Amino acid sequence: MMRHVWVMVVCLVIAVQAAGRHSEACTSFAVYSDEIIYGMNFDYYPHINIKFRLSKFKGQMTFEQGFMGTHGFSGVSGMNQQGLFSSCQILEPKQELTGAGSENDIYIFRLHQLALTGFSSVERIEKYIHKRRPVQYPPGPFLHNLVCDASGDAVIIEPWQGETYQTKSDLGFIVMTNFLNHSLKGKSYKAASGAGSSRYKIAYDYISGHFKAFSVQHGLKTLEKARNISRGFPTRCSM
């Protein structure tokens, strides 16, 4: 029997207490315990309106959270009716960008959009990027994607210096903030450093400590603990 997939949407009232770097924004996770729970803190400029969108593309329903930009709605995270979740977040450090070098390259943000509208599993996305190389879009921002599905498969996809890194976890959960996740290969999570590493460790600690009975309430608590209190890029919404 397929387990329920929970995506939590709650607007949080945040006490803004400190300034921070704008690049250190957003935290997402997937937990595969008794229930499947996806979560994402969306951190963004205080003056920009946050939007939610329910749409249908080629028969596939998707729910997204994002913002209204100069070219319309930009979704940063969401889930489709097949239970596939995708989150697209800032990646640090910066790197030299060359853009798409061939017709087989695909911008990482476009891959995020395609995941929601055209895929039902991480396995299918991994097969897709063997043919279509994810790349960054010049002049930025630099991005990476967390993609998770209802079967228990999850992957972080990071285009970095001409290579595509795919990071998975065998712990039953996965967390992504803003540093290079593939830099932790073979290391303890406590070795995480760089943008968003503190929030990463907070979320990782809480999830691992409550994994066996992880619930929606635990998911909300994870998001609360990992919220961004930056004046420039506070957590605007949690999903």
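Aromatic rings of Phe, Tyr and Trp (its six-membered ring) are taken to pair if their centres lie within 6.5 Å, planes under 30 degrees apart counting as stacked, over 60 as edge-to-face and the rest as tilted. The model shown is predicted, with local features requiring pLDDT of at least 70 and side-chain atom pairs pLDDT 80 or more, whereas totals for chains, interfaces and linings use all residues. Residues are numbered from 1 along each chain as its sequence is written, and side-chain values use heavy atoms, with hydrogens and water left out.

**View A. Aromatic pairs, of which the structure holds 16.** The ring centres of Phe-42 and Tyr-44 lie 5.5 Å apart with planes at 20°, so this pair is stacked, and both residues are buried (under 20% relative accessible area; exposed is over 50%, partly exposed in between; 1.4 Å probe, protein chains only). Phe-119 and Tyr-128, with centres 5.4 Å apart and planes at 70°, form an edge-to-face pair; Phe-119 is buried at 10% relative accessibility, while Tyr-128, at 21%, is partly exposed.

**View B. An aromatic cluster.** Phe-173, Phe-179, Tyr-189, Tyr-200, Tyr-204 and Phe-211 together make up one aromatic cluster.

**View C. The open sheet of seven strands.** Strands (DSSP runs of E, at least two residues, numbered from the N terminus) pair if DSSP finds at least two bridges between them, and here the antiparallel order is E4-E5-E6-E7-E10-E11-E12. Strands E4 (50-57) and E12 (163-167) each have a single partner strand, so one side of each is left without a neighbour in the sheet. Four bridges join E10 (residues 143-148) to E11 (residues 154-160), and Val-147 has Val-155 of E11 as its bridge partner.
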